[in-house]
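User: Please take a close look at a single part of this model and describe how it is placed among its neighbours.

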Amino acid sequence: MSIVFALLIMTGSDFAQATSTDSRIAQSGPSHTTSQTTKEWKQKELSYDYVSMKEDVVIQLNEAPQLRSPRRTVVGPAPQAYTLFFKEAVNRGTVEAAIRKNAQEETKKEDLGYVEPIFTFHWVHDRQLQLLATLPDTLAKDRSWTEYVVNVAGAKTVKGTTFDDTNDFSAVVFAPSQIWRVSVDGKVKEKMTDFAVRTPMEFIDPEERYVLLERFTEYCECDARFPMLYSIYDIQTKELTAYPVELTDNYSGAGDFMADRRGFFFAHPPKGTEVPKSEFATRIKVDGYVHGASFSHDRKYVLMAVGKTEQKKDLDLVVYDLATAKERRLPGAIKGWVPTDEMNGQVQPVSFIDDGRYATFEMRTEEESFEELRQRYDWQSGKVISWNPPVPKEAWSGYIQSTDGAYQMYWNAGVFKGDVKLKEMKPDAIWIPGTHHLVYIDWEKAEQGAESVSSLFLFDADRKQQSVLVKGLPANVSILGASNDGKWLYVTTPELLAP
């Protein structure tokens with residue numbers, strides 16, 4: 001399941017919901033208490049091409065140098081380091097005064113959540129300022145979100161030129177979501193990560209070891225899709241590896257791309273772009289444009305829908321062997337029209353869901369229709385056959401199933417055994433490997449007068465029985481996966497889980 005589908009975690013609308021729920025918090029200025037560590041903070045000079053500058057000032061977030069003004073983006077609650085580069089030498093006093101004044105002015109805007117951070121200034125020289133923004137202690141512990149600006153509008157250069165407000169940096173602060181593992185009996189809860197910023201995330205391998213993280217480069221209270229920053233986190237080694245290219249678990253693009261057997265793809269990088277070396281990465285070259293590529297269940301093969309760049313109907317199925325670099329092509333075997341997004345009409349990659357027996361995929365019956373044409377590749381016969389799941393033709397037929405394939409949970413139909421429906425189901429759910437147990441999060445009915453709470457439930461498909469594993473979870477908890485041995489469940493939340 002892709003990150004985008006996974007409840008669109010951390011899109012603008014999700015942030016907006018969090019924002020609206022916390023608008024009750026009163027505005028307040030900084031506490032004006034600065035720790036000794038903050039007072040001593042400073043960094044070495046950063047090299048910069050001042051000669052090529054077009055803007056009067058560039059404000060850069062040091063932990064992600066790609067994020068530069070003008071910008072509104074998400075940061076973590078820890079002190080944030082910025083570097084300001086100036087086209088001309090500046091009057092230092094006016095810059096410091098302007099930054100403080102502009103941040104304070106924003107706090108006067110009613111119910112918008114702005115605060116004035118504690119600013120620590122370190123001047124490298126008159127064209128480079130290193131700035132540390134620290135949230136006031138009185139607010140950092142009390143709010144789940146806040147916002148502040150770094151803005152030099154009103155400051156002056158040495159020559160007397162006044163800066164305008166076209167290059168400000170607005171930082172929206174959210175507590176980062178962390179991964180927790182919870183024992184299947186609900187008795188043990190352990191925090192697994194210490195991420196600095198909130199990002200959408202998903203496990204990309206069956207062993208639940210590697211996590212794909214996507215950081216939004218822009219933030220708005222909307223569902224717009226902005227460019228992302230990508231990284232891979234290794235749960236075992238605790239290493240976070242950043243990539244300068246787009247990563248995806250379902251590739252579409254040119255026929256020259258990279259497949260990393262940990263569970264992700266990316267286009268072959270252009271000359272001059274260095275990507276982290278990986279023993280798991282294999283370069284793939286196929287003739288044609290890839291309209292969708294997914295790993296086989298054992299990650300020994302890549303299944304692809306291939307055609308011409310503008311082709312939208314009846315694509316070739318290519319089964320690519322990663323070990324031998326040999327491909328098996330079934331011309332025109334993927335019947336129907338490529339799928340499009342129901343909200344924005346954009347073409348979607350063809351996605352293959354493989355369980356080792358069948359690789360299931362869907363197209364559309366007509367170009368302008370949302371009715372699905374459902375098919376699957378039979379590994380044993382090597383042929384594409386039709387598939388008829390118990391899901392309305394106009395609804396997405398995506399599903400997850402128990403390890404042995406005996407039970408399925410369709411996102412748009414519920415839990416089934418074959419064609420027999422067992423239970424309605426909400427989408428935040430996973431099967432525990434090696435079992436017929438489905439774990440999901442739902443609201444638990446509370447006693448009269450008490451608030452309902454979010455809880456972790458288990459549904460035993462064999463017995464058709466439901467039980468509660470963990471009561472009273474945070475409202476913003478999501479299920480990420482389960483360990484292969486069936487002993488641990490993985491969930492994400494920006495809040496602490498009670499022991």
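Analyst: **Strand 5 and its partners**

Strand 4 (residues 118–125) and strand 5 run antiparallel and are joined by seven bridges. Strands here are DSSP runs of E with at least two residues, numbered from the N terminus, and two strands pair if DSSP finds at least two bridges between them. The model is predicted, so local features need pLDDT of at least 70 and side-chain atom pairs count only at pLDDT 80 or more, while totals for chains, interfaces and linings use all residues. Residues are numbered from 1 along each chain as its sequence is written, and side-chain values use heavy atoms, with hydrogens and water left out.

The link between strand 4 and strand 5 is a hairpin of two residues. Within this pairing, Phe-119 lies opposite Ala-133 of strand 5.

Strand 5 spans residues 128–134, and seven of its seven residues are buried. Buried means under 20% relative accessible area, against over 50% for exposed and partly exposed in between, with a 1.4 Å probe and protein chains only. In a regular strand the side chains alternate between the two faces of the sheet. In strand 5 both faces are covered: one side carries Gln-128, Gln-130, Leu-132 and Thr-134, and the other carries Leu-129, Leu-131 and Ala-133.

Note on methods:
Helices (H or I, at least four residues) and strands (E, at least two) are DSSP runs, numbered from the N terminus.
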